[in-house]
Amino acid sequence: MSSNGIQHQLILDGEEVNFSAGETLYEIAERHRKEIPTLCYDPRLEPFGACRLCVVELEGARNPVASCTTKATAGMVVKTQSEPVEKYRKTLLEMVVSENREVEVDPLRGYASQELGKLTDRYQARTGRFKGAQSGQLHATDDNPFIFRDYDLCISCNRCVRVCAEQEGDHAIAAMGRGFHKQITTEFNGLLKDSSCTFCGQCVQTCPTGALADKKALRAAELPEPLQKTRSVCPYCGVGCSVDLLSKGEKLVGIHPAMDGPANEGALCVKGQFAFDFVQHTDRLSMPMVRGDDGELHETDWDTALDRAADGFAKTLKKHGRHSIYGIASGRTPSEANYTMQQFIRRGYGTHYIDNCSRA
Amino acid sequence: MNSPTDEDLVANWRDEPAPLLPLLHAFHDRDGYLSEESIAVVSAGLKIPIAELFATITFYHHFAREAPGQSAPRVCTGPICALHGADALLASLDGATPMPCAGRCDGPIPVIKGQQVLIGTNAEELAPTASPLPVANPDGYEECVFADIRAEGRSTLAGYRQSGGYTALQQALTQSPPELIALITDSQLAGRGGAGFPTGQKWQAVANASGEPKSVVCNADEGEPGCFKDRAVLEHDPHAVLEGMLLAAFATGSTRGFIYLRYEYPETCALLETAIAEARTANLIGDNILGSDFSCELYIRRGAGAYICGEEGSLLNSLEGKHPYPRNRPPFPVTHGFEDLPTAVNNVETLVSVPQIVRRGAEWYRSLGLDGRVGTKVISLSGDVQRPGNYEVPFGLPLKTLLYQWAGGPAAGRQIQAVTMAGLSGGFLAGEDLDAPLDEPSIRERGSMLGAGGIMVFDDSRNIVDVARQAMAFFAEESCGKCFPCRIGTQRLEERLSGGGPTDLATWQTEITDIGSAMKATSACGLGMAAPFITDSLLKYFPEQVAQHVQS
């Protein structure tokens, strides 16, 4: 419903349907559960109109129109499926398949990485027709630890470029050259680490072919257990981004941003996306520890540990005064714990020496 | 004189309209190439993210990114120059690189070095050579575009005025913009860049649209192979283009106009700059033109080598400093053009017709066509004919008359095998279809188009499959890479015309027609829609040559 609430009508596959000013044919069709194929479409981004798979027949138009970029107007008569349109879609998919090394990829590569494979199955487009040169070229020298730039699988949909600019605001990547030789690149065709990339991973997660892939998740590609997803909240800052934890057996293998996460709508930062190794790291403390008379740390119970800490604070306060106490809260703690921490320092010890590492 | 500093260059252009291209050219001209440091300075100066700026620079043919860059020769290897030994010339020049058709098909071969175009078919011959003046047609048909182009001194302000120049502007300024639009509408003048949209209707839409400032853009990015008409007009009659733009601006309520000129015409750029300076001094450009309330500034913006920038959406993106992909339509430029404001984008030929129509009347213009057709079209004719050149034909003139009577036909002992239409975009016409009258509906009926009016002639000594291959290689090279059908389709068609793909004829043909159908129906702009005309017409007229190609 638009802000002024006025509804218009058009005919969609023979049925009269309502729409609001500004809606595209694709949005209306999706609302009516029409399964229009797309590859360059990401609902979070400005429609681009590159893949042309979403073309629909529009009465009075000489050619089919791209439904993603065509705004609805009252009285339009639209057909989302027809024999010619389905044939164009299949031909286009056969053409896309012909430009890539492979279509079937490990789902660990990224959230959207199965899109091309699924569409080629649906349209039975792996026919081997239109054989010829491959378009993209693997960026073999980019040894950053997070993002695999496997452009052999790139189909030039520009979703990575657009999500980087429109969602993340980094403008770190762009498409260089023209035509079949177009390549996704950074400034001066260099490495991601030398660009303005923040390694948020959104380009990885919107890539419909796995050409941009999660290097850390792919470490688990050979594990035999089935891939499972568990909805959770990112444990870092207080924004509360929703994530799907990817696991195989008992092992956490990767993170997907939740596209329906109310705080993040598919976005994450480098920490939420890639910095999960601490969870199952061998150095991680899983029990409280206190230093013994031998100078070494020993496992103990919480009561003993807390008593030791309280005793240490009390002695320091007595000996050096209230400004000898300084509290710093972890950036991973939620707001409630941060609040408790500052109360503890301010009210408990009467000092304002309280900070949080997120501020740095 | 010291060469300007980075800061000077940025300061010169930062606050000008459409600053990116001229600023990049300023660095390119100063250093001969665009260094990473220069790109970083431009990025900071114009606040364009550096990755995007870098990628946009790579889109253009002529921005070099290392020495010797601009001073290294670039040799035209377009379809006509290829017939005249372009490959050998390319091989004979040190450090030379090829470039697509540079618009000298009426006198090949152009080589660009720095700011100069040299002409010659071998290294010894190369010398600066003026564009040939179009010859009057032998049948004495009245002209519009070329009506006064042969007048003495026409390219100077004084000469232009002596042959009636700027009287149309004076006349229009005594009337109202709606009266001018009504006159142009009544004349039935239509877009001569190829699209054929009624000019009066376009101007009316811009005049009606809300948002200011409005703009007029003269599309002088003549990149279609085999087209060189705009160059002839711009060089020999520059003030007619300016007067046409001023009339368009007056009609539409625009206060600024841009000439988007292709890179390959550096001397034309200098001529236009002189013409604009002359006109400004004479109060024909600027504030309160000729004492009226009408004010308008005109600017030249030089392209950097990209065929797709002749497509109006790409052109506008290029002007704005964006990546030059075509725009999704609607909205159209008449409401959302330059900087998303109302803009009239008109071809050079369309604009120069306007002053003549204002002076001589709508009825006069309508009467120029044959058999009830309206107006004229400039045809750039080149290839295997005895007198190549620009000919202004009345719509409806038989193609054969142009080829044989006007241009002298092929060399003695040769037959015309085929012609390409709309430069390359209309594919081939051959056989009986060479009898077609020259007007858009008649050519369309035969599965081709007239388009911008380039016609290249290939006689029976030419390998027609190889001509098709070169044509498709051009489209593949110039595809912007945005939409899938064109990006992949032009590549696959080129491969199949180069000996790749299936070796079974039926399978080969099915692949060609399936790719072509998808391209025609689903491409995002005219390039991808038109490229399959080449393969369609090749299959239609030359099935035996195709069979031989596939099976050998």
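## A largely enclosed helix in chain B

In this predicted model, helix α24 of chain B spans residues 532-541, and seven of its 10 residues are buried, so the helix is largely enclosed by the rest of the structure. The buried residues of α24(B) are B:P532, B:F533, B:I534, B:T535, B:S537, B:L538 and B:Y541.

## The domains of chain B

Chain B is divided into five domains: domain 1 covers residues 6-69, domain 2 covers 72-128, domain 3 covers 157-366, domain 4 covers 376-459 and domain 5 covers 464-551. The C-alpha centres of domain 2 of chain B and domain 4 of chain B lie 24 Å apart, and where these two domains meet, five residues of domain 2 of chain B are in contact with seven residues of domain 4 of chain B. On the side that belongs to domain 2 of chain B, four of the touching residues are nonpolar and one is charged, while no polar residue takes part.

## Strands and sheets in chain B

Strands of a sheet pair through backbone hydrogen bonds, either parallel or antiparallel. In chain B, strand β7 (residues 254-261) and strand β8 (residues 297-302) run parallel and are joined by six bridges; within this pairing, B:F258 has B:Y299 of β8(B) as its bridge partner. Together with helix α13 (residues 266-281) of chain B, the strands β7(B) and β8(B) make a right-handed β-α-β unit.

Chain B also has an open sheet of five strands with mixed pairing, in the order β11-β10-β14-β12-β13. Its edge strands are β11 (389-394) and β13 (428-429) of chain B, each of which pairs on one side only. Elsewhere in the order, strand β10 (residues 376-383) of chain B runs parallel to strand β14 (residues 454-459) of chain B, with four bridges between them, and B:S380 stands opposite B:G454 in β14(B).

## Backbone details in the loops of chain B

Most residues other than glycine have a negative phi, and most peptide bonds are trans. Against that background, the peptide bond from B:P108 to B:I109 is cis, with omega near 0°, and B:I109 is found in the loop between β2 (97-99) and β3 (110-113) of chain B. Another cis peptide bond joins B:P330 and B:P331, where omega is about 5°; B:P331 has its place in the loop between α14 (312-319) and α15 (333-336) of chain B.

## Chain A: overall form and domains

The secondary structure of chain A comes to nine helices and 16 strands. Its radius of gyration is 27 Å, well over the 21 Å that the globule rule gives for 360 residues, so chain A is more spread out than a compact globule. Taken along the principal axes, the C-alpha atoms of chain A fill a box of roughly 90 × 50 × 40 Å, and buried residues make up 40% of the chain.

Chain A is divided into domain 1 (7-81), domain 2 (94-280) and domain 3 (289-359). The C-alpha centres of domain 1 of chain A and domain 2 of chain A are separated by 27 Å, and their contact takes 10 residues from domain 1 and 15 residues from domain 2. The side of domain 1 of chain A in this contact has seven nonpolar and three charged residues, but no polar ones.

## Where chain A meets chain B

The contact between the chains takes 35 residues from chain A and 35 residues from chain B. On the side of chain A, the elements that give two or more residues are α2 (83-98), β7 (173-176) and β8 (183-186), and the largest share, five residues, comes from α2(A). By class, this side of chain A has 17 nonpolar, 12 polar and six charged residues.

Conventions:
Residues are numbered from 1 along each chain as its sequence is written. Chains are lettered from A and ligands numbered from 1 in the order in which they are written. This is a predicted model: local features need pLDDT of at least 70, side-chain atom pairs count only at pLDDT 80 or more; totals for chains, interfaces and linings use all residues. Domain bounds come from an automatic or database domain assignment. Ala, Val, Leu, Ile, Met, Phe, Trp, Tyr, Cys and Pro count as nonpolar, Asp, Glu, Lys and Arg as charged, and the others, Gly among them, as polar. Two strands pair if DSSP finds at least two bridges between them. A crossover is right-handed if, with the strands pointing away from the viewer, the path from the first strand over the helix to the second runs clockwise. The radius of gyration is taken over C-alpha atoms; the globule rule is 2.2 Å times the number of residues to the power 0.38. A residue is buried if 20 or more other C-beta atoms lie within 10 Å of its own, exposed if 12 or fewer, and partly exposed in between; C-beta atoms are placed from the backbone.
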